[in-house]
Amino acid sequence: MPVIAIDFETANEDRGSACALGLAWIEGHRVVRVEERFIRPRPFRFSPINIEIHGITPERVAHEPEVSEVLSTYLPELVGSVVLAHNAAFDISVLRAALDGCRRRYPELSYLCTVKIARLVWPELTKATLPAVAAHLGIGFEHHQAGADAWACARVAIAAAERLGVAEVAEIPDRIGLTPGVLFETGWRPCSSPRVARTLSLRS
């Protein structure tokens, strides 16, 4: 089963304002491919706070493709895969908002949150942000660069799989009692830890 870590950066407070997408593909315990794509958000509005966070400016993406074109490239690979994201609630909501804006069906996939994985695998951590977990594991990267964040997320998942003694990242949930999130044509179910139970959310 394909395992792909993703990371979105947004132009403003709207979850539908993706301006960058990073992806990292995992095979076994290795990252085998990393890609980063810039996106021209629609409407074309950037918040100064967001620019300060990730450094992506309107000028940088003015001539980049819109999200529908970028997603068309990668959706076939996401279908049937296990998707990873650090704080998956954010990145999966950006993916859903992008698909809603394009009036496209949700791909069928499962997803895991590496924040939740990190909290369960390394309970000694006082913070589970991506920089904090990466520092704990000795992983260096440039935060808020979509490709680098996806790579770091993938490395966190691989480290968790190694600590748990499982051969594949997809086996992590069974070892720690994590319930994977699910995206399907008409809605989604969030990824949840053993201490959190949430109900199904349907697409409006």
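Helices are DSSP runs of H or I of at least four residues and strands are E runs of at least two, both numbered from the N terminus.

I noted that this is a predicted model, in which local features need pLDDT of at least 70 and side-chain atom pairs count only at pLDDT 80 or more, while totals for chains, interfaces and linings use all residues. Residues are numbered from 1 along each chain as its sequence is written, and side-chain values use heavy atoms, with hydrogens and water left out.

I then checked the length of H7, whose 19 residues reach 27 Å from first C-alpha to last, close to the 27 Å expected at 1.5 Å a residue (the expected span being 1.5 Å times one less than the number of residues). Just after H7, I found Gly165 with a positive phi of about 75°.

Next I looked up His144, in the loop between helix H6 (130-137) and helix H7 (146-164); its phi is near 70°, a positive value in a residue other than glycine, and at 26% relative accessibility His144 counts as partly exposed.

Asn87 also went into my notes, as a non-glycine residue with a positive phi of about 70°, placed in the loop between strand S4 (82-85) and helix H4 (88-102). Asn87 counts as partly exposed because its relative accessibility is 39%.

Last, I recorded the cis peptide bond joining Arg42 and Pro43, with omega about 0°; Pro43 lies in the loop between strand S3 (30-38) and helix H1 (48-54).

How values were computed
Buried < 20%, exposed > 50% of the residue type's maximum accessible area, 1.4 Å probe, protein only.
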